[in-house]
Amino acid sequence: MSSTSAPLTVWPLAGIPEITPGTDLVSVIADAAAGGLADGDILVVTSKIVSKAEGRIVAADDREDAITAETVRVVATRPTPGGHVTRIVQNRLGMVSAAAGVDASNTPEGTILLLPEDPDASARAIAAGLRERLGVEVGVLVSDTLGRAWREGQTDHAIGAGGVHVFEDLRGGTDAEGRALVVTMPCVADELAAAADLVKGKAARLPVAVVRGRGDLVGSLDLPGARSIVRPLERDMFRLGTDEAYAEGFAAGAASGSGSVSGR
């Protein structure tokens, strides 16, 4: 598998209605596409509408409890000027994010959204349904907005994938100068999710975008999903926030009694 020199085209699907629990996303997306999809197209679907269709809605006053319930590991916490505490955690899907991905934007009044129960399964189901209904081999990514360590701002990432290669493994190839590529493995699923967000926006009510020009990335529905993007804990060099790592080390040193312990 390799990238192509074909132009990359990205556009939003207009006409997606408000999604409610039980909405058939395959039918909604197929109607909005109006026969305009082709083999090799990749649809990037905002996780919000998947969560809404799957009924992943809870009362807004349960937000902190919801974050706790979705959390499997606390990475870092920081107080905010408003008196709240921002929690960076690893959620049950393995992703590290603020508030475990619990979302209060673009939701019905008085409610919040949890992430889809299984974004990979959701992406595969949408891809399978569109392939069957429209007769075209498309792939589907489910995207969500995440921050990045060391960088301000947010960008969309793929949290679910169906029928799409999430990595483009260039290891073993050579660069333009003929030098061997040893560790080069772009996460193309995240790159496609970010590109799609440029046309979807955050307030335009355009939750689905189509990416055309990377049909080489579309394949079997049995391909590994976006869960395979999550770095295993044993290879995570930054599993804790700076203050948390210091506190853990300080406590371990104090407990060992092996020498003097002083503050930073």
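In what order do the strands of the open, five-stranded sheet stand? The order is β1-β10-β2-β8-β9, and the pairing is mixed. This is a predicted model, in which local features need pLDDT of at least 70 and side-chain atom pairs count only at pLDDT 80 or more, while totals for chains, interfaces and linings use all residues. Residues are numbered from 1 along each chain as its sequence is written, and side-chain values use heavy atoms, with hydrogens and water left out.

**Overall**

- The protein chain has six helices and 10 strands; helices (H or I, at least four residues) and strands (E, at least two) are DSSP runs, numbered from the N terminus.
- Of the 264 residues in the protein chain, 41% are buried; buried means under 20% relative accessible area, exposed over 50%, and partly exposed in between (1.4 Å probe, protein chains only).
- Among contacts with a separation of 6 or more, 65% join residues 24 or more positions apart, a contact being heavy atoms within 4.5 Å.

- Strands count as paired if DSSP finds at least two bridges between them.
- β1 (9-12) and β9 (151-162) are the edge strands, each with a single partner, so one side of each has no neighbour in the sheet.
- Neighbouring strands of this sheet are turned by 30° against each other on average, direction ignored; axes are lines fitted to C-alpha atoms, for helices over the stretch in contact, and angles run from 0 to 180 degrees between N-to-C directions.
- Strand β2 (residues 42-46) runs parallel to β8 (residues 139-148), joined by five bridges, and antiparallel to β10, joined by four.
- β8 and β9 are antiparallel over nine bridges, one of which pairs T145 with D156 of β9.
- Helix α5 (residues 188-200) lies across β1, β2, β8, β9 and β10, at about 110° to β9.

**Salt bridges**

- The count comes to 15 salt bridges, where a side-chain nitrogen of Lys or Arg must be within 4 Å of a carboxyl oxygen of Asp or Glu.
- K200 and D156 meet in a salt bridge at 3.9 Å, N to O. K200 belongs to helix α5 and D156 to strand β9, so the pair ties together parts 44 residues apart in sequence. K200 is buried at 1% relative accessibility, as is D156 at 3%.
- E168 and R214 form a salt bridge with their closest N and O atoms 3.2 Å apart. E168 sits in the loop between β9 and α5 and R214 in the loop between β10 and α6, 46 residues apart.
- E117 pairs with R56 at 3.0 Å, N to O. E117 is partly exposed at 48% relative accessibility, whereas R56 is buried at 14%.
- R56, E70, R92 and E117 are linked in a network of salt bridges.

**Loop between β10 and α6**

- P224 is found in this loop and is exposed at 51% relative accessibility.
- Leaving aside neighbours within four places in sequence, P224 is in contact with R124, V164 and V166.
- P224 and G160 are 64 residues apart in sequence and 9.9 Å apart in space, C-alpha to C-alpha.
- M237 lies in the loop between β10 (208-212) and α6 (242-256) and is exposed at 72% relative accessibility.
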